[in-house]
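Here is a short report on how one protein chain is held together.

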Amino acid sequence: MFRDALSTLQRWNYRDGRPSWTARASNRLNAIAFAAGIGPRHAATLEVRGRKTGRTISFPVVVADYKGGRYLVAMLGQKTEWAANLRADDHAVLLTRRQREGVSLVEDFSDDRAAILRRYLELAPGARPFFPVDRHSPLGEFAGIVNDYPVFRVA
């Protein structure tokens with residue numbers, strides 16, 4: 001019951017694929033906390049340059065580890081603004097545990113995307129309401145949605 005209400009609230013905060021003012025405020029606070037090392041181990045803050053404004057945009061992300069690599073997933077799918085910003089300029093800054101790391105984020109089109117999406121959902125409970133599959137689903141179900149959710153490898 002509580003989980004269903006939380007999922008509904010999460011989806012409501014991102015209706016139309018854009019964060020509401022409450023989601024933006026929450027994201028800002030989480031980005032500050034994650035950059036300072038407060039929060040889950042896989043939480044981080046990503047800074048990207050806006051492709052239209054040129055301004056630096058900061059927001060919280062979950063870094064999924066898979067086969068020795070690190071990956072970011074756009075939980076809102078192809079309409080995610082930060083994914084479009086990265087496609088325009090793959091340079092970003094990843095802040096984890098008070099460490100600032102300049103990175104390149106390369107969109108991943110490998111056959112591992114289904115497994116990466118499943119790993120991401122294991123680590124990112126806040127993203128689960130935006131995926132049509134359960135985190136415990138077989139890889140075949142994830143294979144059906146890999147083109148809907150951009151995956152970026154941290155290089």
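## Contacts of Leu117

Leave aside the neighbours within four places in sequence. Leu117 then contacts (heavy atoms within 4.5 Å) Val73, Phe131, Phe142, Ile145, Val146, Tyr149 and Val151.

The model is predicted: local features need pLDDT of at least 70, side-chain atom pairs count only at pLDDT 80 or more, and totals for chains, interfaces and linings use all residues. Residues are numbered from 1 along each chain as its sequence is written, and side-chain values use heavy atoms, without hydrogens and water.

## Two cores

A nonpolar core is a set of buried Ala, Val, Leu, Ile, Met, Phe, Trp, Tyr and Cys residues joined through side-chain atoms within 4.5 Å. Buried means under 20% relative accessible area, exposed over 50%, partly exposed in between (1.4 Å probe, protein chains only).

The largest core has 26 residues. Val73, Met75, Leu117, Tyr120 and Phe131 touch the most other members. H4 gives the most, seven residues. A second, separate core has 17 residues, including Leu46, Ala74, Ala83 and Leu94.

## Salt bridges

There are seven salt bridges (a side-chain nitrogen of Lys or Arg within 4 Å of a carboxyl oxygen of Asp or Glu). Arg119 pairs with Asp65 at 2.9 Å, N to O. Arg119 is in helix H4 and Asp65 in strand S3, so the bridge ties together parts 54 residues apart in sequence.

Glu122 also bridges to Arg119, at 3.0 Å. Shared partners join Asp65, Arg119 and Glu122 into one network.

Definitions and conventions:
Helix = DSSP H or I, 4+ residues; strand = E, 2+ residues; numbered from the N terminus.
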